[in-house]
Amino acid sequence: MTASIFDKTRTLFDLPEGVIYLDGNSLGALPRAARERVAREVNHSWGHELIRAWNTCGWIDLPAEVGRKIGRLIGAPEGSVIAADSTSINLFKALTAALRLAGERKVILSDTGNFPSDLYIAEGVIETMGQGHRLKVVAPDDVEAAIGDDVAVLMLTEVDYATGRKHDMKALTAKARAHGVLTIWDLAHSAGAFPVDLHGAGADFAIGCGYKYLNGGPGAPAFIYVRPELQEKITPSLSGWLGHDAPFQFELGYRPAGSIDRMRAGTPPVLSMAALDAALSVWDGIEMADVRARSIELCEIFIREVEARCPTLTLASPRNPEQRGSQVSFRHEQGFAIMQALIAHLVIGDFRAPNIIRFGFTPLYVTPADAVKAAEVLERVMKERLYEKPEYQKKGKVT
Ligand SMILES: Cc1ncc(COP(=O)(O)O)c(C=O)c1O
Ligand SMILES: Nc1c(O)cccc1C(=O)C[C@H](N)C(=O)O
């Protein structure tokens with residue numbers, strides 16, 4: 001039953017012949033619907049409707065519509081998610097809003113498994129606000145113990161981009177709430193990867209990417225969630241006109257919209273937003289519980305096959321599937337060259353310094369047969385030491 005759902009979803013994507021694509025955790029594959037939609041937006045909406053398209057083609061409502069579709073995947077109530085900006089910028093917006101709400105508390109608590117951009121943004125926020133905030137970064141296992149009455153904001157990425165380690169959002173959020181700590185969850189590697197229940201967990205803010213498991217295309221808009229009860233209490237730091245209560249009154253003073261709209265700043269990138277909107281249609285009728293079951297099946301097959309075939313690779317991801325996102329990582333000192341050799345043999349994953357090879361499993365278009373085949377190719381790369389070839393040592397700007 002589950003397999004047949006995914007046989008169908010695979011046909012909704014355009015994948016190059018012969019490629020096994022295990023990097024949907026970095027850039028999702030191209031949904032056919034997105035390709036068609038972008039062409040229509042360019043030719044008809046922009047080309048023919050011109051400025052009228054904001055009304056006649058629904059451009060003005062796209063951020064809310066895309067937010068609504070993403071909200072269904074992450075357990076967010078209607079009207080609590082908006083698509084806008086990038087994940088990094090949305091983190092800036094969420095963190096400044098949270099720190100303003102938090103009052104006298106000064107500590108931003110995060111962990112060493114966070115994506116560096118999040119930590120960098122926190123540094124920038126501290127500097128910009130100039131109110132003596134402090135970033136405290138602990139090991140992932142020490143987060144729970146570090147949550148206390150001195151903490152203003154708990155800022156975590158649910159799934160570690162490198163290892164795939166997954167935090168217990170519900171338990172950590174509950175502890176944070178008990179200590180009066182606001183929470184910001186980065187769902188970049190969660191949204192579209194497995195069920196998320198922001199409302200059930202009682203999370204205050206969340207952000208995430210549109211171009212990974214949501215398949216919105218390179219540089220797709222990101223999203224931001226604010227718990228409905230907080231929406232009218234927060235003061236946006238990026239107080240742009242499209243977050244104004246009445247943008248087309250062109251008042252000289254800022255009055256924030258009385259909804260999640262206040263997290264908007266300026267004009268959305270319509271073509272990218274339309275691509276993401278169309279990409280989200282692949283989730284119609286899909287239950288995230290089925291996605292999770294299939295993701296675990298794929299990851300388990302891959303771990304079993306790789307460990308049986310490649311004894312010099314060390315599993316970097318948690319062995320327990322409950323503690324893992326939808327990716328599997330292995331360590332090897334030649335990781336970079338191993339990944340280049342794999343890519344040359346049409347198994348596309350990626351490398352994360354210093355020694356991690358990373359494989360994302362996206363059930364909508366990766367099959368169990370792909371997982372086995374990828375392990376076979378990896379076995380060949382290792383056994384024949386293909387990674388020693390000089391051409392696989394060359395580094396590009398992006399890994
Ligand atoms: C967990 C996480 N947070 C934030 C980012 C930054 O996203 P962006 O570059 O789109 O702002 C990424 C990916 O780049 C990420 O993986
Ligand atoms: N956003 C990216 C980009 O512009 C180029 C290359 C990779 C990315 C990524 O998204 C990286 C990703 N956040 C990661 O988990 O490593």
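Reader: Which domains is the chain divided into?

Author: Keep in mind that this is a predicted model. The chain falls into domain 1 (2–30 + 287–392) and domain 2 (58–283). Their C-alpha centres sit 28 Å apart.

Reader: How many residues of each domain take part in the contact?

Author: Domain 1 puts in 27 residues and domain 2 puts in 19 residues. A pair counts as a contact when the C-beta atoms lie within 7 Å. On the side of domain 1 that touches domain 2, the elements giving two or more residues are α11 (288–309) and β12. The largest share, five residues, is from α11. Sorted by class, that side has eleven nonpolar, 13 polar and three charged residues.

Reader: What makes helix α12 "mostly covered"?

Author: The cut-off for buried is 20 or more other C-beta atoms within 10 Å of a residue's own. Eight of the ten residues in α12 (residues 335–344) are buried, so the helix is called mostly covered. Those are G335, F336, A337, I338, M339, Q340, A341 and L342.

Reader: And what covers the buried residues of α12?

Author: The cover includes β12 (327–331), β13 (347–348), β14 (350–352), β15 (356–360) and α13 (368–383). Just after α12, L346 has a positive phi of about 70 degrees.

Key: Residues numbered from 1 in each chain as written. Chains lettered and ligands numbered in written order. Predicted model: local features only at pLDDT ≥ 70, side-chain atom pairs only at ≥ 80, totals over all residues. Buried ≥ 20, exposed ≤ 12 C-beta atoms within 10 Å, placed from the backbone. Helix = DSSP H or I, 4+ residues; strand = E, 2+ residues; numbered from the N terminus. Contact = placed C-beta atoms within 7 Å. Domains from an automatic or database assignment. Nonpolar A, V, L, I, M, F, W, Y, C, P; charged D, E, K, R; others polar.
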